[in-house]
Amino acid sequence: MSNATPDTPRPPAGRAGMKKELPERFRAYRHVWVFIELERGQVHSVSFELLGEGRKLADKLGVQLAGVVLGPPEEATQNAVAQAFAYGADLVYFVEAPLLADYRNEPFTKAMTDLVDTYKPEILLLGATTLGRDLAGSVATTLLTGLTADCTELDVDADGSLAATRPTFGGSLLCTIYTLNYRPQMATVRPRVMPMPQRADRAIGRVIVHKLSLAEDEIVTKILGFLPDSQSGTANLAYADVVVAGGLGLGGAENLQLVKSLARAIGAEFGCSRPLVQKGWMPADRQIGQTGKTIRPKLYIAAGISGAIQHRVGVEAADLIVAINTDPNAPIFDFAHLGIVTDAVRFLPALTEAFTRRLSPHSRDKLAS
Amino acid sequence: MHIVVSIKQVPDSAQIRVHPVTNTIMRQGVPTIINPYDLFALEEALRLRDAYGGEVTVLTMGPPMAEDSLRKALGYGADRAVLLTDRYFAGSDTLATSFALSQAIAKIGETFGTPDVVFTGKQTIDGDTAQVGPGIAKRLDLHQLTYVAKIATIDLAAREITVERRCEGGTQTLKSKLPCLITMLEGTNEMRRGSIEDALSAARRQIVKWSAAEAGIEDLTKCGLRGSPTVVKRVFAPTARSEKAAQIDTAEKTLRDLADELIVAIFTRQPALEPELAFDGA
């Protein structure tokens, strides 16, 4: 990985992937596909975010952007097709079957691999949700192609290869990964990593209908039931406008109360950095960062968080990042917009109180008059 | 029943340091641990064995020093440990890794009995891909059950298993068949303290060590770098933002003044925010 001779081509010996020589059987692979994740009648927002990103890649490559909709014969599935067009797809590949009513690995893997084998995309993007990861791993192994997980940046090279960048080594560094000699080039992206594109409703375009060649009695795994999460609020963390989070600088689990109090006072969601989950101070679904939730709030307040890269990639899309940390050299001050070098444990109560004073209806009335 | 648990020895990632000039990982002296997510898989496997009888075989692929993680697993109470180690595996991506591991699991089946359940952790803390488990399932044609929060029932006679699986927005209850591959969710159980006997014997127990050839792998083009469709072209540190955070001067100010000053700074930068912030009357 030396940077000394960036322009010298590497010797191809022993490293099949390093030499770009696309085998004949892959040369017909074209166009960018986005898997449209549909569960219980709703398209997951990550699919729209991926359509936005896929649009850019397709335009750079001069190819078409397709949505892949797999679902049961219901109105919601038709709506997903319309939404794919509204968020930028040029065409939709469509498999409709009762077997696709709820996600199971077998029928979805079969439908997706059949589509890829038949219509041959060069790039296939999926959301890095529990569903998307379950499916992507099976599809890539069936197709024997490369799959890059949790990308934070997607681009195409001058020669048209997908350059998929992701954090590596537990988030200490970033790396750019290519699938040079295999197709499709597959990548997953976590929700909220890419911006939500503008919706532009328009007529439904070309829909290519494909049949699922699988019967229910061929599928071993059966769904016995589904229990939806109670509204704990964690589902909203990724999409919240204001987020307050705590890190190891809080010193002890009991001080997380200070984070929650501030969050409550300003109507924010709360979260934490990875070490707190590892210590068991907060549940994993509150973790913010590369291996937790990616957030894009208007305001993010990080209290006692040092700002390791794996945390940074999960928050840097926030409009305004405020960092509170005792260490003036903490990396979080390299990407925060506003910083205060102070002890969060002492400062948070004062901030909560100041916000409460400022935001109370009484003081708002005074401001108005 | 025979249960295989595939684990990985990983650097304790919190302690990984990056060389400031070359941007390479400084691995020297970094302590290694069993990937923490794998411990939930191992504990679940041990519980199944305790409940239904049988054996737990732990498997890892890695350099010779990965033996350490297997000895830890033996100390927790695993019955057998297999180390798959060969220079041909160096540079494996997830596809090549799932190939090598699935070949080794097939060999374990031939040698020690066909596994009823193969476990992996949800993902590793160094790669974070969550792809190897599904890869093994696909290659061995095992029923794939990812993000399992609970094993509800197992009927060995009927070869049936019922699990609760975390999915988007809720929990699915799935019924499937043995043999299956389960990736275990974190926080679903707590690793036991191994028995004194296991802890004492772990250091001197025999570990099965297989090269690629010994694991029955004939096609070496599917292993290591050559068998990996993905290529890491560039490793780099993220570029710093051009400007650092604007610091609010804390000298000789009360916390109250500081807080007010910060709020003014926030609303000066984001004027549209103030009317949106909730007031809950506290």
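Colleague: How much area do chain B and chain A bury between them?

Modeller: Keep in mind that this is a predicted model. The contact takes 84 residues from chain B and 95 residues from chain A. Carbon and sulfur atoms account for 59% of the buried area. The area that chain B and chain A bury is about 8200 Å².

Colleague: Okay, and which element gives the largest share of the side of chain B that touches chain A?

Modeller: Let's start with the contacts: there are 27 residue pairs in polar contact between chain B and chain A (both at pLDDT 80 or more). On the side of chain B that touches chain A, several elements supply at least two residues each, among them α3 (94-112), β9 (143-155) and α6 (255-269) of chain B. The largest share is twelve residues, and it comes from α6(B).

Colleague: How many salt bridges are there between chain B and chain A?

Modeller: Here's one pair to look at: R358(A) with E274(B), where the closest N and O atoms are 2.8 Å apart. A salt bridge needs such atoms within 4 Å, so this pair counts as one. The count between the two chains is seven.

Colleague: Which strand of chain B pairs with β10(A)?

Modeller: Look for L174(A), which stands opposite F236(B). The two strands run in the antiparallel sense, with six bridges. The partner of β10(A) is β14(B).

Colleague: Now inside chain A: how many salt bridges cross the interface of domain 1 and domain 2?

Modeller: Domain 1 of chain A covers 22-218 and domain 2 covers 234-368. Their interface does have six residue pairs in polar contact (both at pLDDT 80 or more). For salt bridges, though, the count is zero.

Conventions: Residues are numbered from 1 along each chain as its sequence is written. Chains are lettered from A and ligands numbered from 1 in the order in which they are written. This is a predicted model: local features need pLDDT of at least 70, side-chain atom pairs count only at pLDDT 80 or more; totals for chains, interfaces and linings use all residues. Side-chain values use heavy atoms; hydrogens and water are left out. Domain bounds come from an automatic or database domain assignment. A salt bridge is a side-chain nitrogen of Lys or Arg within 4 Å of a carboxyl oxygen of Asp or Glu. A polar contact is a pair of N or O atoms within 3.5 Å; within protein, one must be able to donate a hydrogen and the other to accept it, and residues adjacent in sequence count only if both atoms are side-chain atoms. Contact means heavy atoms within 4.5 Å. Buried area is the accessible area (1.4 Å probe) that two parts lose on being put together, summed over both. Helices (H or I, at least four residues) and strands (E, at least two) are DSSP runs, numbered from the N terminus. Two strands pair if DSSP finds at least two bridges between them.
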